[in-house]
Amino acid sequence: MTMGRRIPWQRALLYLVLVGFAAFYLMPVYVLVVTSLKSFAEVNLYRMWDLPHSFSLESFRKALLGGFGFTGLAHNFVNSFYVAIPATLASAFLGSLNGYVLSKWRFRGSNTLFTLLLFGMFIPYQSILIPLVQTLMKLGLYGSIPGLILAHTVYGIPITTLIFRNYYATVPRELVEAARIDGAGVLGVYTRIMLPVSMPGFVVVMIWQFTSIWNDFLFAVTIAQNPAVQPVTVALNNLAGSYIVEWNVQMAGSLMAALPTLLVYIFLGRYFMRGLLAGSLKG
Amino acid sequence: MRRAVALLFVGLLVWGLVGWAQPGKEYVAASETTLAAVAQEVFGDSAYAPAIMRATNAKSLADPAYLKIRTLDMKIPAGAKLWVPERAWAEAFMAFWDPNRPEDLFGGGKLVVGSWWTAGGEAEGLNALFEIYDEYYPDVQIVNATIAGGAGFVFRAVIKPRLIAGDPPDTFQLHAGLEVEGYSPETYLTPLDKLFEIMGWTEVLPKDLLDLLLYKDHFWGVPVNIHRANVLWYDKAIFEKYGITPPENWDEFFSICEKLKAEGVVPFVMGNAGGWEAAHLFETILVSTLGAEGYKGLWTGETPWTSAGVTEALEILKKILDYVNPDYAALSWDGAGEYLIAHKGAMMIMGDWTNGWFMAKGYEDYGWAPVPGTRGIFDALSDTFCLPKRAPNPINALGWLMVCGSKEGQIAFNTRKGSIPARTDLTAEEKALFNPYLQSCMEDFARDAIVPSVIHGAAAIESWVTDFKDAVNLFLATKDVAGTQRALVEAAEAALAQMGK
Amino acid sequence: MRRRWLKGERLITLLLLLPSVIAVAVFVYGFIGWTGYVSMSNWNQLLPDYTFVGLRNFLKLFAHPRFQIDLRNLAVFTGLFLTGSLAIGFLLAVLLDRKVRGEGFFRTIYLYPMSLSFIVTGVVWRWLMNPGSPQMGSTGINLLLEKIGLGFLKSGWYTDPRVGIKAVAVAAIWQMSGYVMAMYLAGLRGIPEELREAARVDGASEWQVYRYVILPLLRPITLGAIIILGHISLKIYDLIVAMTGPGIGFSTDVPAYFMWETTFHANRFAQGAAIAIILLLMVSLLIVPYLIFSVRREAEV
């Protein structure tokens, strides 16, 4: 349309549609923010869309620290970090190794192996849930944060491998060849050539993994329901299901549970996008 | 002096009547002796030595004036202070102590109590029990392991894997009745028959409740309270405004509904966001159409699910759906209760925990009656505490169970939780400690025929409860009476086969 | 000499892969095998009972009214979710591709829901789609519609069994359509302007340019989006848990929800395993051909 004649009303319509959709996407956030900021006296389901008359952080305080008869999300927040950070690092590291080997040291059957690994990214986790619970019990890791870390690390391997393999494929063969002529072995090439250029790859992978682990519910609700180790998604769901917890506290809790990934998205959006697109394979 | 003795005597008598166990008495060794000799002297049986050792060691943790006893055959020096437990406690200890666990002779340690009582009056009631426990067992550190969510649904999903993994709490909450089947009690729980016998609980609990507590001929849990499921709550303001009295039967109920609907009031409110509330309602309707015996027979195979009473109950539920609030799928029972508080809805059927919730909301304009057609029948559920086989501190848990079963514990707990004691031996003064609703409830409980609630784990095994709940949930959309009855028949056949009936 | 050196290196590469390969072999394939085994066992109470019963659990499941509803719901949900997300995503991408001022701003807004947990989405949308009632008043979206004079559009949303799962699909589209937009936008940017120009020079209308030039070129992206959204859709669970639960008459129930409930609440492990296997088969039908196709094609390049 760059060359065509611009008709003003068409242009206006275009912006109208764009703004309309923006309103649709922002609507829930509006309710979240407005409700969280209302004082308890002001919270009313039938005045959901009204702006708050006064400014109150009481809901956040309650959602974090708890109130009469319920515990706050503060320690669940910490739990989520305890799970997400180690699992992200471990799966990113494994993915980087796999990606390196599968892109630069292909062997007979390496494509088949890659396909088999990738399949693990798409399976419905329901199909491994029962044995996972049984195995973690045998290992003494059921109901613990290490158990959850293990699960997230293992089931993160396929996607991290995929992203790194595609990323390393862009590193020119000549660089690898040159290093080998200099006498570098498999590990030498990895540490001297690949790792130094891996930073963007790691950022993409880690953002992706952190977001999906933070947002995970199924593993958390199955493995770590014990309140002491519950991540924030499970605790939030329980909070929302409990009749003594006011509606604005639930909203404040939701907002806080969303915040870390939202911040990552806002400040590292470029890498976030790259992860999203990498997640869709190479078409 | 005489007065002092008399007072002491009265005091002891009161303790005895209350059925309280832990207090014992101080014993000072006159000359060098052994535990076996002391046991022989006090209990007439030297085998009670371990009980004295445990009691004294527990005491010495709080009060170093008492002797610390290291081994069962240790010489007790002259002048040493021992603590001799009461006979009932000693008997219970001997019945449940495993001689392969010498660590249980030293007292102290933790008591991990698992429950889903996280909120409001329930949490207060639990705390009251903790306070009593702490008074008698100051050597034990109590760990309150509560898990919120879905009337115990979440709790049960958490506790089962822990049982299987051999990592249970010392004791946990369990609905009285067939819910226990879901925990495979023969494998994972300790039968408590001996404790019931020693504490005389079989004398003070109503027979219907005792029947309910028996599974595979054993007691697996100690009941602390009773809730009633078949209560109709109504807004007095609306009833007065339109000159209505609580309905005694379904015909009256529906004519009230007609009248109120014409006035623009929601005649009947319910919620079903939890997925079980409609099934709760249907259960109470079944009680009304089948009567106490007929309803009980549904769960034992004596009343066929093909019977006309079941059809009638489904027809009633179907008709009720014409009068309910349209947003019931989005509301939980308390959300539905808001209609009453706002005087926009007239009636609702829910268990008597509603009473506590109304009070917490500062709503006083409500009345109650039995669900239409269920006068004289008490649809009951009861919370109990059990003893897992692999409890890390079984003797501490034993003390907990005694607190739960005691009159003192039950009064402290139930006045706060808003339920009535499972024991029926309360005096008039003790009953006066409860609020008006609970007092009327106690009267009904003592007088009415008691039937087990199915949706709250009493009447049927868990898989049957699930199928029952699912059938009702489906009915809400299909309103297919014949099809739903067929599904209920099939569920019953499958469950009865699994139960070996 | 050189060969042995190579052999040593080969060994090292394999050693590097080994932890992941073992982990995936056990945790993915081993576990799936075990679930398959459980699905053909009699383990329908708390204690395992591995008596082999063949396909009995599957047959019972397909005869189960709840499961039949679940499958229907899943089909409706997937259909709506896919078409809705693809249509909106494509529309937004095309609009944003027209040298829009503030493109980055709009893009950020359209895409942010993707960074949220389904639990958060579910909790918020549960309140938004809470319809209220004539007596107590409308709430959420219904209230908003009333306010802007579109009261006739009010709906019972998920509380109305006739709407049910479709309401959940709206929330899912809200969350994922931005993702489709991002994919299409990346694709559109990859199409050289000359191609469109050439078509226009040939006298094609703007509509025809999109229909006959752009859309065919974006086909791989559409396929990719269908695969990604499709497998998310078949596995949908969190959103249902937080937003509606199984709903009146199971109007918002899906197999994944049924699986969790029957396994971990009703102790029917064999039945739960059977549902899981059916889910796996459905996802595999979608994924396996695509995986083999794309990895093979890449190898050929």
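This is a predicted model: local features need pLDDT of at least 70, side-chain atom pairs count only at pLDDT 80 or more; totals for chains, interfaces and linings use all residues.
Helices in this description are DSSP runs of at least four residues, numbered from the N terminus.

Because the two residues stand three apart in helix H12 (residues 250–262) of chain B, about one helical turn separates B:Trp250 from B:Phe253. Both B:Trp250 and B:Phe253 are buried.

A further edge-to-face pair joins B:Trp333 and B:Trp357, and here distant parts of the chain are linked, since B:Trp333 belongs to helix H15 (residues 333–341) of chain B and B:Trp357 to helix H16 (residues 353–360) of chain B, with the partners 24 residues apart. B:Trp333 has a relative accessible area of 7% and is therefore buried, while B:Trp357, at 8% relative accessibility, likewise counts as buried.

The geometry of the two pairs is set out here.

| Pair | Centre to centre | Angle between the planes |
|---|---|---|
| B:Trp333 and B:Trp357 | 5.7 Å | 75° |

Ring pairs also link residues of chains A and C into a cluster, which consists of A:Phe24, A:Tyr25, C:Phe105, C:Phe106, C:Tyr110, C:Tyr112, C:Trp125 and C:Trp174.

Charged side chains take part in ring contacts as well: B:Arg87 lies over the face of B:Tyr48, 5.9 Å from the ring centre, and the charged end of B:Arg156 is placed over the ring of B:Trp116, at 5.5 Å from its centre.

Conventions:
Residues are numbered from 1 along each chain as its sequence is written. Chains are lettered from A and ligands numbered from 1 in the order in which they are written. Side-chain values use heavy atoms; hydrogens and water are left out. Buried means under 20% relative accessible area, exposed over 50%, partly exposed in between (1.4 Å probe, protein chains only). Rings of Phe, Tyr and Trp (its six-membered ring) pair if their centres lie within 6.5 Å; planes under 30 degrees apart count as stacked, over 60 as edge-to-face and the rest as tilted. A charge sits over a ring if NZ of Lys or CZ of Arg is within 6 Å of the ring centre and within 35 degrees of the ring normal.
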